Amino acid sequence: MRKFRPRAGFTVLAHKLALDPNATANRHLHSHAGAARAAYNGAVAYITAVWWQRKAEQSYGIPEDQLTEWRSWSLPSLRKAFNADKRTNPRFAGWWEENSKEAYNTGLAGASAAFDNYAKSKSGKRKGRTMGIPRFKSKRKARLTCRFTTGTIRIEPDGHHVTLPRIGTVRLHEDRCDLRALIDAGNMRVLSATARLDRGRWFVSLQVEEKHELVKVARPDAAVGIDLGIKTLAVLADSDGVLGEEPNPRHLDRAQTQLRRAGRAVSRRRGPDRRTGQQASKRWEKANQARNKIHHRVANLREDTLHKMTTRLASEYGTIIVEDLNVAGMGRNRRLSRRVADAAFGEIRRRLTYKTRRHGTRLVVADRWFPSSKTCSRCGVVKAKLPLSMRVFACGNCGLVLDRDANAGHNLAALAARTTGTGVAGDLDPAKAESKPRGADRKTRATRPRRKAQAGRAGGVIPSPRAGKETGDRQQDTGAQLALW
Ligand SMILES: [Zn+2]
């Protein structure tokens, strides 16, 4: 399918609105999400049945050209198969008419994408982790969601209700007259709506085409380097040499006492057991819900902190520099993983990426191997080693003594200045910055330099990129260490 292109001057973005559905709307929402899951599972069964059938036939020695034919998993063919089947298949017969066709389409589209991802991953055309064969979605664990792309989707004139196909009018938790006004003025158009149950509450995400208004940032010429950490969530060093700090609220740590108590209460009740088929008791369900509620609160608090921080940074600075952290790898450290997950480093970067794009400013991502902590921010000498326990950076060359994270922040801020070519921290070339306000003159992100296998090395073992360089201090090279977006 061709990708949707917004009109000139418009961008596509989403507004996520909390819902306060009444009992009827709540039932309809659950029904639609369940229907999407049923359709997904139906499609998985429909496709994989042939795979097992062919395997069995091959084991009987049936020749290749007489095997059962493959079934296509493209969305149109899945939809065709579903429509031919829905009246007779006991999976759907008797109840499929209760939900919008969009519910089934959600499930089928998901299955189509899942099979695509599996096939591409298997043939090496897909980056990232290997994708397994699509499996059935469990009733207990599946995320309840349903996407509407056609039909009546609108925000009601009172700004307090949203109307979805088949589900009808649902009350919004907040007053969104502002969105309604944008629609009335012709500055916004709703493209699709996705309802989903998130942390015990229904949300609707409206994908819209909205008029793009470039809001100028407060200090377009200033750059800020952000050093993320656990002790303080972010140490901010701007190009004027001013240091700032964002404390780590440690929401999960704070909730640990409550969580432990709730967890004890849950474990005293009779829970579900898959081996014996034991059903959970009502008291277990209740205690489990109480525990989940604490987790939901932690997640909400974290989201709030991250939004406030990233919005503030993105609306102030013209350039933001972050490090390309190996967050997944850090999460594997069993002593730090809980705190790494609580700090949500990856989410900070993701939010900064789209928020800087909205403001038309730059987000610079320093290379994963840029020694931001080990470099002296005054004279540029790189230390060979700096263990994580050393919280203060002391330069052996020029005698600089500075907090470890502050030093890293200064290095990142200086890195931004170097990328503009003027060499002076914060002195961005204004003519250049204004000529292409949305960053068309930016370098596209260079892929990380591959560690090439060197000829003559035995066994093709890939050494650490810094192997052999750890022994002495070195002057850093600035050219290849940048990746811009
Ligand atoms: Zn120094």
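Reader: Which residue stands opposite Arg219 in β11?

Author: Tyr317 does. The model is predicted: local features need pLDDT of at least 70, side-chain atom pairs count only at pLDDT 80 or more, and totals for chains, interfaces and linings use all residues. Residues are numbered from 1 along each chain as its sequence is written.

Reader: What counts as a strand, and what counts as pairing?

Author: Helices (H or I, at least four residues) and strands (E, at least two) are DSSP runs, numbered from the N terminus. Two strands pair if DSSP finds at least two bridges between them. Here, β8 (residues 219-228) and β11 (residues 317-323) pair in the parallel sense, over four bridges.

Reader: How many bridges join β8 to β9?

Author: Five, and these strands run antiparallel. β9 spans residues 232-238. Gly225 stands opposite Ala237 in β9. A hairpin of three residues joins β8 to β9.

Reader: Why is β8 described as largely enclosed by the rest of the structure?

Author: Start with the term. A residue is buried if 20 or more other C-beta atoms lie within 10 Å of its own, exposed if 12 or fewer, and partly exposed in between; C-beta atoms are placed from the backbone. Seven of the ten residues of β8 are buried, so the strand is largely enclosed.

Reader: What pairs with β7?

Author: β1 (residues 10-18) pairs with β7 in the antiparallel sense over nine bridges. Leu17 stands opposite Val204 there. β6 (residues 188-198) also runs antiparallel to β7, joined by ten bridges. Met188 has Glu210 as its bridge partner. Two residues lie between β6 and β7 in their hairpin, where Arg199 takes a positive phi near 50°.

Reader: How many residues are in the largest nonpolar core?

Author: In soluble globular proteins, nonpolar side chains tend to be buried together. A nonpolar core is a set of buried Ala, Val, Leu, Ile, Met, Phe, Trp, Tyr and Cys residues joined through C-beta atoms within 7 Å. The largest here has 38 residues; Leu108, Leu164 and Ala195 are among those with the most contacts inside it. α1 (23-59) gives the most to this core, with eleven residues.

Reader: Where is the second core?

Author: This separate core of 32 residues includes Ala237, Ala343, Ala366 and Ala408.
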